[in-house]
Each structure stands twice: as C-alpha cells, then as structure tokens.
Amino acid sequence: MSTNTRELILSAATRTAQAHGYGGLNFRDLAQDVGIKSASIHYYFPSKADLGAAVARRYREDAAVALETLSNETPDPIACLRRYPDTFRAALQNNNRMCLGSFMAAEYDDLPDAVAKEVQDFADVNVAWIARQLSTASLIAVEKSEQRARAIFAAIAGAQLLARSRSDISFYDFAIDSYREAGLLPS
C-alpha cells in the first residue's frame with residue numbers, strides 16, 4: 001500500500017465529510033470513490049473514528065497553513081480580515097460544500113472524542129488567527145479580541161450554513177456584506 005493511496009482516501013473522505021459530515025463517511029463508498037477494496041481502507045485507518053480524526057486533523061492543519069499564507073501574502077491585517085470570508089466561500093463554490101469543521105461541529109454529540117477534539121482545535125485555530133488580525137490592526141482592545149473573533153467566526157460559519165441550505169451563494173455574499181455594514185467585519 002502506498003502513501004498516495006492514503007492521500008487519495010483522505011481527499012475523498014474530506015469531500016464526503018464536507019458534503020455529508022462525519023455521519024456520511026462510509027468505507028464502502030470511499031473505497032469505490034478511490035478505486036480500492038473497502039478492506040484496504042482499514043490498512044490505513046482501522047476504524048471510522050481513526051479516519052474521521054485524520055480527516056479533521058488534516059483539515060485543521062491545512063486551514064492553519066492557508067491562514068498563515070494569507071497573512072504572509074497580505075501583511076495588512078485589515079486586508080486579511082477582508083479576505084478571510086473567501087476561505088469559507090470557496091467551499092460553497094465547490095458543489096455547495098461546507099467547511100468540514102462547521103459540518104462536524106453540528107454533529108458534535110455523535111463524534112468520537114478524537115474527532116471532536118480536532119473540530120474544537122479547528123475553531124480555535126481560526127479564532128486565534130482572527131484575534132491576532134484584530135489586535136494587530138488595533139481594531140479592538142487586545143483583551144476583547146478573542147470574544148470578537150469568536151463572533152466573527154460564528155457569523156461566517158452561520159452565513160455559510162444559510163447559503164448551503166438554499167444552494168445559493170448569494171445568501172452568503174449578502175450576509176458577509178451585512179456583517180461589514182454592521183462593523184463586525186472591516187469593509
């Protein structure tokens with residue numbers, strides 16, 4: 001078995017989880033998607049919980065890299081905050097998928113502990129990054145930056161959920177514009 005097969009499984013599982021959540025992860029369907037036997041998935045991921053945790057961990061790690069890349073490419077923290085909603089919009093543009101962290105957060109009570117921990121860590125990575133941008137831009141007092149960052153993260157995730165439920169990305173765009181108008185996000 002190759003590392004490439006493991007990556008193919010993780011990619012297929014990520015797409016599935018963004019469309020159907022943790023509950024939608026199914027070894028048989030993933031194996032068919034990847035073109036392997038379902039027993040082969042067990043070679044890399046002995047259980048659904050192991051697969052779910054690996055998918056959520058990879059998603060969190062990729063998000064952290066993407067946020068740092070955004071910071072490096074756009075040194076102005078206000079410009080970073082303006083671009084941040086685009087990261088969630090991209091999932092909607094990809095066959096009306098959701099942020100994996102948000103989707104799995106909705107399933108929180110049914111998640112194995114390792115998956116739930118990764119979902120919490122994903123939110124924490126985003127909130128910390130937003131708080132850092134807010135503080136660096138002096139948009140809010142440092143002691144209030146985490147609270148505002150949580151509100152921003154929740155608002156953007158909520159906008160994505162609303163747009164997905166309508167299969168209409170314009171709902172997302174309208175919500176983000178409204179957040180900017182209200183001062184939650186910089187315009």
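What follows is a chat about some helices and loops in a predicted model.

Reader: What kind of model is this, and what is left out of the side-chain values?
Author: The model is predicted, so local features need pLDDT of at least 70 and side-chain atom pairs count only at pLDDT 80 or more, while totals for chains, interfaces and linings use all residues. Residues are numbered from 1 along each chain as its sequence is written, and side-chain values use heavy atoms, with hydrogens and water left out.

Reader: ok, how do α4 and α7 sit together?
Author: The axes of helix α4 (residues 48-73) and helix α7 (residues 113-136) come within 8 Å and cross at roughly 10°. Helices here are DSSP runs of H or I with at least four residues, and strands are runs of E with at least two, numbered from the N terminus. Axes are lines fitted to C-alpha atoms, for helices over the stretch in contact, and angles run from 0 to 180 degrees between N-to-C directions.

Reader: parallel or antiparallel, then?
Author: That angle makes α4 roughly parallel to α7. The cut-offs are under 35 degrees for roughly parallel, over 145 for roughly antiparallel, 65 to 115 for roughly perpendicular, and oblique for the rest.

Reader: which kinds of residue make that contact of α4 with α7?
Author: The residues divide into 13 nonpolar, 4 polar and 6 charged. Ala, Val, Leu, Ile, Met, Phe, Trp, Tyr, Cys and Pro count as nonpolar, Asp, Glu, Lys and Arg as charged, and the others, Gly among them, as polar.

Reader: what about α4 and α5?
Author: α4 packs with helix α5 (residues 77-93) at an angle of about 140°, and their axes are 9 Å apart. That makes α4 oblique to α5.

Reader: which residues meet there?
Author: From α4, Leu 67, Leu 70, Ser 71 and Glu 73 meet Cys 80, Arg 83 and Tyr 84 of α5. Contact means heavy atoms within 4.5 Å. The residues of this contact divide into 4 nonpolar, 1 polar and 2 charged.

Reader: which residues of α4 are buried?
Author: Among them are Leu 51, Gly 52, Tyr 59, Arg 60, Leu 67, Leu 70 and Ser 71. Buried means under 20% relative accessible area, exposed over 50%, and partly exposed in between (1.4 Å probe, protein chains only).

Reader: and where is Ala 49?
Author: Ala 49 is in helix α4, and Ala 49 is partly exposed because its relative accessible area is 24%. Not counting residues up to four places away in sequence, Ala 49 touches Tyr 22, Pro 112 and Val 115.

Reader: new topic. what is the phi of Asn 95?
Author: Phi of Asn 95 is near 60°, a positive value in a residue other than glycine. Asn 95 is in the loop between α5 and α6 (100-106), and counts as exposed at 62% relative accessibility.

Reader: and Ser 167, buried or exposed?
Author: Ser 167 is exposed, with a relative accessible area of 57%. Ser 167 lies in the loop between α8 (142-166) and α9 (169-182), and has a positive phi of about 50° although it is not a glycine.

Reader: how do α8 and α9 pack?
Author: α8 and α9 pack at an angle of about 155°, with axes 7 Å apart. That makes α8 roughly antiparallel to α9.

Reader: which residues of α8 and α9 meet?
Author: Those in α8 include Ala 155, Ile 156 and Ala 159, and those in α9 include Ile 169, Phe 171 and Tyr 172. The residues of the contact of α8 with α9 divide into 11 nonpolar, 1 polar and 1 charged.
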